[in-house]
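The sequence and structure are shown first.

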Amino acid sequence: MRVLLLDAAPGKLLDRELERLLGHGLTVTLNLRRIADAASARVAWTGRVDFTDFDAFEESALITEIIRGGIGYHAVKSRAGVPLRAAFLVAATDPALTNRLRVIGRAGAGTDHVDLAAAARHGVTVTHTPGSNATAVAEFTLAQLLALTRNLSEHNEAAHRGRWSGPAAPAVELSELTLGVLGLGRIGQALAERAAALGMTVQSLSRHPAGAPALRAESLGALLAGSDVVSLHLPLTPQTRGLIGRAELALMRPGSILLNTSRGGIVDEQALADALHDPAHPLAAAAVDTFAHEHAAFTSPLFGLPNALLTPHVAGMTRRAMAEAALRCADNIAALLAGRPDGVPVVAP
């Protein structure tokens, strides 16, 4: 069974991921484009895996690779959310190929980069690794909050310029704040537990309230209006796209903070930028780790705003989280290709 790694695990995790896949008896082709030391990878793995080198985020290059030589692949694996849309799925499942695509594996939880309806139409199963980065993202979210409430960026910049600059006003402690968690999947629950342990009052809003903190908001408006900090932990779906826009931001408490480590499309970035530009707006600051346009297309109206803490989708990138995601994804792909779907998480349209 042939597997194409569109973007392999980074650093030393690459060796563990490849060993896991080969241990399942799979034939692996490694895309070198996003490997930091591609030359060393070639030396280490020549004779055991095949190599290719292309920009997987360029759909035409991706399709060219998938149909090269008329051979095809049984599975592809993605880590960074390479878009796998209808045109790709048509090409990858072409009956003219020796090997038609059967499985898409995501080393991570979100699958909004995959056209799930098209995958289902073409008989392609989509698997992912929910919960693999829950602890990592929850910890990162708290780091975002602490950085903003304690003005760490401002103090760091002043100190590097040789200025001894104390705070204009005393900072608040986390135990003084109410945290509103929007979405109580594994990450939302992990954050809620850690925030409560730090003394924060936690309320939540979720389609699945089982295991939720004691305080449950009755509506999105109630959550926004009743929280000092709102943290988003939702998948990007047609229902959640643009969920937080101008009207919703206007409902937030004076001096409030918005945190987004879920998906960029959930928040209207222009509306968020306009709110942060306006000193009269109730929203005081935001931390954003995910954007509507990422990687080579990275751009945002939030650029340059001092009260916007921006990071390049790194919340889940810890050694433990990435290793768990990579190895679980390898196991999922192998199980599905071997016709053993029991216990493997799959995503339906």
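Predicted model: local features only at pLDDT ≥ 70, side-chain atom pairs only at ≥ 80, totals over all residues.

Helix α1 (residues 13-23) lies across β1, β2 and β4, and runs at about 155° to β2.

The sheet to which these strands belong is open and has 6 strands, arranged in the order β3-β2-β1-β4-β5-β6 with parallel pairing. At its edges stand β3 and β6 (125-127), each of which has a single partner strand, so one side of each is left without a neighbour in the sheet. Ignoring direction, neighbouring strands of this sheet are turned by 20° against each other on average.

## The seven-stranded sheet

A further open sheet is formed by 7 strands, again with parallel pairing, in the order β9-β8-β7-β10-β11-β12-β13. Its edge strands are β9 (215-216) and β13 (308-310), each of which pairs on one side only. Within the sheet, β7 (residues 178-182) and β10 (residues 229-232) run parallel and are joined by 4 bridges, and Leu182 stands opposite Leu232 in β10.

Which strands does helix α8 lie across? Helix α8 (residues 186-197) lies across β7, β8 (201-205) and β10, and its direction is at about 170° to β7. Helix α11 also packs on the sheet, where α11 touches β11, β12 (283-288) and β13, and the direction of α11 makes about 135° with that of β12.

Rolling a probe the size of a water molecule over the atoms shows where empty space is left. In this model the count comes to 1 cavity of 30 Å³ or more, and the volume of the largest cavity is about 40 Å³.

The residues that line the largest cavity are Leu258, Asn260, Gly264, Val267, Glu269, Leu272, Val288, Thr290 and Leu302. By class, this lining divides into 5 nonpolar, 3 polar and 1 charged. Two elements, β11 (256-260) and α11 (269-277), each supply at least two residues of the lining of the largest cavity; α11 is also the helix that touches β11, β12 and β13 as it packs on the sheet.

## The second largest pocket

The second largest pocket has a volume of about 570 Å³. It is lined by 24 residues, of which Ala147, Leu148, Asn151, Glu154 and Ala285 are the closest to its centre. The lining of this second largest pocket comprises 15 nonpolar, 7 polar and 2 charged residues.

Which helix gives the most to the lining of the second largest pocket? With 5 residues, α7 gives the most. The elements that each supply at least two residues of this lining are α6 (134-149), α7 (152-160), β12 and β13, and β12 and β13 are also strands of the open sheet formed by 7 strands.

## Charged contacts

How many salt bridges does a search of the whole structure find? The search finds 10 salt bridges. One of these is formed where the side chains of Asp53 and Arg33 meet, with an N to O distance of 2.6 Å. This pair links distant parts of the chain, 20 residues apart: Asp53 lies in the loop between β3 (50-52) and α3 (59-66), while Arg33 lies in the loop between β2 (27-31) and α2 (38-45). Both β2 and β3 are strands of the open sheet formed by 6 strands.

Key
Residues numbered from 1 in each chain as written. Heavy atoms only, no water. 1 Å grid on protein atoms, 1.4 Å probe; cavity = no way out; pocket = protein on both sides within 12 Å on 5 of 7 lines; lining within 4 Å. Points joined across faces, edges and corners; volume = space filled by probe spheres on them. Nonpolar A, V, L, I, M, F, W, Y, C, P; charged D, E, K, R; others polar. Pairing = 2+ DSSP bridges. Contact = heavy atoms within 4.5 Å. Axes fitted to C-alpha atoms, helices over the stretch in contact; angles between N-to-C directions. Salt bridge = Lys/Arg side-chain N within 4 Å of Asp/Glu carboxyl O.
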